[in-house]
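Me: I'm new to this one and would like to find my way around it. Can we go through it in questions and answers?

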Amino acid sequence: MTSLLVSVRNSDEAAAALRGGADWIDVKEPRNGALGAADPIVWREVAAVVAGRTPLSAALGELTSPGAFTAADLADVQYAKVGLAGSNDSDWPQRWRRLLRRLPSHVQPVAVLYADWEAAAAPPPAEVLAAALSQRCAALLIDTWCKDGRHVFEVLPAATIAALLGAASAAGMRAVLGGSLTADRLADAVAAGAQLVAVRGAACDGARDSAVCEGRVSELVTRLAAVS
């Protein structure tokens, strides 16, 4: 059954997402971009609310300007991800690996593939997938960099998304799909092979930088269960 990840920006949103039935809590600051890093204090506050009830992941920003963090900051985080916008150059894999080596041993890396990679000046999908495989990442996330109202299926063909997620799953990585997905697109995400659906805006009571709403999370959980 496909699970639901909700990205939150503070401990109050984490509590709302948990009450709504979220399977996974992710921490990011949407005002800082697609994978905007929250303050490490927020990571610790959210971890205190989650208290081990779900996996906890954190966005670290983009590889070109990752947020500052220490091993202590990530003490209660199990997964971390960094975006690759602006990193479509020949040495990005080396810089990416160096950042991943800074993660504490208990924090598993998540590779991020931007569906709109050309607009993001990010590496193309095949390169990101190959790097994820070489680093034995715990998961592959397909997301959108530009939050302009388009969802991921409007950026990449469904068959391409399915092929990428299938390759990740076959390699033992968790197949994660985000990218401005709404409740109406959950069935498409499941059909494409997503093991985990990642949402932010669809869980908010308004725009993606408004507050996560317990009722919206609950509706997403119900809708996802119906199509999984």
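Me: How many bridges join strand 1 to strand 8?
Reply: Keep in mind that this is a predicted model. Strand 1 covers residues 3–8 and strand 8 covers residues 196–199, and the two run parallel. Leu5 stands opposite Ala198 in strand 8. The number of bridges joining strand 1 to strand 8 is 4.

Me: In what order do the strands close into a barrel?
Reply: There are 8 strands in the barrel, and the pairing is parallel. Neighbouring strands of this sheet are turned by 25° against each other on average, direction ignored. The barrel order is 1-2-3-4-5-6-7-8.

Me: And which strands does helix 1 touch?
Reply: Helix 1, residues 11–20, packs on the sheet. Its direction makes about 160° with that of strand 1. The strands that helix 1 touches are strand 1 and strand 2.

Me: Stepping back, how many helices and strands does the protein have?
Reply: The C-alpha trace spans about 45 × 40 × 30 Å along its principal axes. Buried residues account for 53% of the 228 residues. As for secondary structure, the protein comes to 8 helices and 8 strands.

Me: What radius of gyration does the protein have, next to that of a compact globule?
Reply: A compact globule with 228 residues would have a radius of gyration near 17 Å. The protein's value agrees with that: 16 Å.

Me: Now the rings. What is the angle between the planes of Trp24 and Tyr79?
Reply: A pair of aromatic rings is described by the distance of the centres and the angle of the planes. The count comes to 2 aromatic pairs. Trp24 and Tyr79 form a tilted one, 4.7 Å centre to centre, and the angle between the planes is 40°.

Me: How many residues apart are Trp24 and Tyr79?
Reply: This pair links distant parts of the chain, with Trp24 in strand 2 (residues 24–27) and Tyr79 in strand 4 (residues 79–83). Both Trp24 and Tyr79 are buried.

Me: Which helix holds Trp92 and Trp96?
Reply: Trp92 and Trp96 form a tilted aromatic pair, 5.8 Å centre to centre with 55° between the planes. They sit 4 residues apart, about one turn of the helix. That helix is helix 3, residues 92–101.

Me: Are Trp92 and Trp96 buried or exposed?
Reply: Buried means under 20% relative accessible area. Trp92 has 1% relative accessibility, and Trp96 has a relative accessible area of 2%. So Trp92 counts as buried, and Trp96 too is buried.

Me: Which ring does Arg102 lie over?
Reply: Arg102 lies over the face of a ring, at 4.4 Å from the ring centre. The ring belongs to Phe69.

Me: What does Ser87 contact, leaving aside neighbours within four places in sequence?
Reply: Ser87 is found in the loop between strand 4 and helix 3. At 0% relative accessibility, Ser87 counts as buried. With close sequence neighbours set aside, Ser87 is in contact with Leu63, Thr64, Trp92, Arg95, Ala121 and Pro123.

Me: How about Cys137: which residues does it touch, not counting those up to four places away?
Reply: Cys137 has its place in the loop between helix 5 (125–134) and strand 6 (139–143). Its relative accessible area is 4%, so Cys137 is buried. Beyond those sequence neighbours, Cys137 touches Trp96, Pro109, Ala111, Ala132 and Met173.

Me: Where does Ala51 lie?
Reply: The phi of Ala51 is near 50°, a positive value in a residue other than glycine. Ala51 is exposed, with a relative accessible area of 57%. Its place is the loop between helix 2 (40–50) and strand 3 (56–62).

Me: Is Arg136 buried or exposed?
Reply: Arg136 lies in the loop between helix 5 and strand 6. Its phi is near 55°, a positive value in a residue other than glycine. Exposed means over 50% relative accessible area. Arg136 has 76%, so it is exposed.

Methods. Residues are numbered from 1 along each chain as its sequence is written. This is a predicted model: local features need pLDDT of at least 70, side-chain atom pairs count only at pLDDT 80 or more; totals for chains, interfaces and linings use all residues. Side-chain values use heavy atoms; hydrogens and water are left out. Rings of Phe, Tyr and Trp (its six-membered ring) pair if their centres lie within 6.5 Å; planes under 30 degrees apart count as stacked, over 60 as edge-to-face and the rest as tilted. Buried means under 20% relative accessible area, exposed over 50%, partly exposed in between (1.4 Å probe, protein chains only). A charge sits over a ring if NZ of Lys or CZ of Arg is within 6 Å of the ring centre and within 35 degrees of the ring normal. Two strands pair if DSSP finds at least two bridges between them. Axes are lines fitted to C-alpha atoms, for helices over the stretch in contact, and angles run from 0 to 180 degrees between N-to-C directions. Contact means heavy atoms within 4.5 Å. The radius of gyration is taken over C-alpha atoms; the globule rule is 2.2 Å times the number of residues to the power 0.38.
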